[in-house]
Amino acid sequence: MSSISKRKNEPSHYMLKIESFSLLSEAATIKIESDVFYASGHKWKLDLYPNGNREEKGGNHISLYVIICDTETLPKGWEVFVDVNFFIYDHIHHNYATFQDIENGNRTRFNEKKMKWGFHKLISLDSFKKTGNGYLENDSCVFGAEVFAVTEYAQKDRCLSITKPPPFINTHTWTIDNFSDVTETVMESKTFKVGKVECDSTLTWGYRRFMLRSELNDPAKGFLLNGSLILEAEFSLMGILRNFI
């Protein structure tokens, strides 16, 4: 269901002028396809049914739709959320009747299963042809559209493989000599591998409060031997996340 408002500014993305509109009825024209126009980073076109889209029970009305084009270049699982406005020029008051979706706030979603959106009953033919409304002048009319992309989403399919590391290479030992003399805030070990996976320094996991420094330095605990510290990490299960093909 559409709501109608008025504005002076012309549509910013596309306008379609039709001359000899009455001849469309005589020729029983079913659909008019516009050329492709560019808006909000995508290509679009309009489908106009001057006598209504009868397959969608739009008889005795004008049906108008916007279609997203060239989707073959978009990534798998793409979705585009847009705000769509349709327009008809009023020749009498020199403004544009603006049609919006009052049920969804004129926002809609395009994806691989929904490439087309619009109104089966944009405006009745009686109202469109009524002289006082100014939509037809000398049997000519002007339609317009604006398509503003709000958000875009591309599906990223991922595959997680769980494996057990090979025996004897599922641990890593790091010996830090003279640990008591270390002044650095952060220390990094050398890069090591577990199975076939190599460390990525941008991905970390661990404990922010692994052990109290006072406990580590307590001679009774035996963590330091002649000032040296030995750290060991053991991997019991591994998961590898990769793109799903």
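**Panel A. Surroundings of Ile18 in the predicted model.** Apart from neighbours within four places in sequence, Ile18 is in contact (heavy atoms within 4.5 Å) with Leu24, Ile32, Leu48, Asp139, Ser140, Cys141 and Phe143. The model is predicted, so local features need pLDDT of at least 70 and side-chain atom pairs count only at pLDDT 80 or more, while totals for chains, interfaces and linings use all residues. Residues are numbered from 1 along each chain as its sequence is written, and side-chain values use heavy atoms, with hydrogens and water left out.

**Panel B. The largest nonpolar core.** A nonpolar core is a set of buried Ala, Val, Leu, Ile, Met, Phe, Trp, Tyr and Cys residues joined through side-chain atoms within 4.5 Å; buried means under 20% relative accessible area, exposed over 50%, and partly exposed in between (1.4 Å probe, protein chains only). The largest such core holds 35 residues, of which Ile18, Trp44, Ile62, Val66, Phe86, Phe128 and Phe143 touch the most other members. Its largest share, five residues, is contributed by β7; strands (E, at least two residues) and helices (H or I, at least four) are DSSP runs numbered from the N terminus. In soluble globular proteins, nonpolar side chains tend to be buried together.

**Panel C. Ile62 and its partners.** Ile62 is found in strand β6 and is buried, with a relative accessible area of 0%. When residues up to four places away in sequence are not counted, Ile62 touches Phe21, Leu48, Tyr49, Pro50, Phe119, His120, Lys121, Leu122, Ile123, Leu125, Phe128 and Phe143. Ser124 is 62 residues from Ile62 along the chain, yet their C-alpha atoms are separated by 6.2 Å.

**Panel D. His61 in strand β6.** His61 has its place in strand β6 and counts as buried at 18% relative accessibility. Its side chain reaches the backbone oxygen of Gly59 at 3.0 Å. Beyond neighbours within four places in sequence, the contacts of His61 include Tyr49, Pro50, Asn51 and Gly52, as well as His120, Lys121, Ile123, Ser124 and Leu125.

**Panel E. Aromatic pairs.** Rings of Phe, Tyr and Trp (its six-membered ring) pair if their centres lie within 6.5 Å; planes under 30 degrees apart count as stacked, over 60 as edge-to-face and the rest as tilted. The count by this rule is 11 aromatic pairs. One of them joins Tyr49 and Tyr65 edge-to-face, at 5.7 Å centre to centre and with 85 degrees between the planes. This pair links distant parts of the chain, 16 residues apart: Tyr49 belongs to strand β5 (residues 42-49) and Tyr65 to strand β6 (residues 61-69). Tyr49 and Tyr65 are both buried. Phe86 and Trp117 are stacked, because their ring centres are 6.1 Å apart and their planes lie at 10 degrees. Phe86 is in strand β7 (residues 79-90) and Trp117 in strand β10 (residues 116-124), so this pair ties together parts 31 residues apart in sequence. Phe86 counts as buried at 0% relative accessibility, and Trp117 is buried at 10%. Phe21, Phe128, Tyr135 and Phe143 form one aromatic cluster.

**Panel F. Salt bridges.** The structure holds nine salt bridges, each a side-chain nitrogen of Lys or Arg within 4 Å of a carboxyl oxygen of Asp or Glu. Glu19 is bridged to Lys17, with the closest N and O atoms 3.9 Å apart; Glu19 is exposed at 56% relative accessibility, and Lys17 is exposed at 55%. In the salt bridge between Asp70 and Lys43, the closest N and O atoms are 3.3 Å apart. That pair links distant parts of the chain, 27 residues apart, with Asp70 in the loop between β6 and β7 and Lys43 in strand β5. Arg109 forms a salt bridge with Glu79, with 3.4 Å between the closest N and O atoms. Arg109 lies in strand β9 (residues 107-111) and Glu79 in strand β7, so parts 30 residues apart in sequence are tied together. Arg109 is partly exposed at 40% relative accessibility, whereas Glu79 is buried at 17%. Lys31, Glu33, Lys45, Asp47 and Lys116 are linked in a network of salt bridges.

**Panel G. Residues with positive phi.** Most residues other than glycine have a negative phi. Ser20, although not a glycine, has a positive phi of about 55 degrees. Ser20 lies in the loop between β2 (14-18) and α1 (22-26), and is partly exposed at 33% relative accessible area. Asn178 also has a positive phi, near 50 degrees. Asn178 is found in the loop between β13 (171-176) and β14 (193-194) and counts as partly exposed at 47% relative accessibility.

Definitions and conventions: A polar contact is a pair of N or O atoms within 3.5 Å; within protein, one must be able to donate a hydrogen and the other to accept it, and residues adjacent in sequence count only if both atoms are side-chain atoms.
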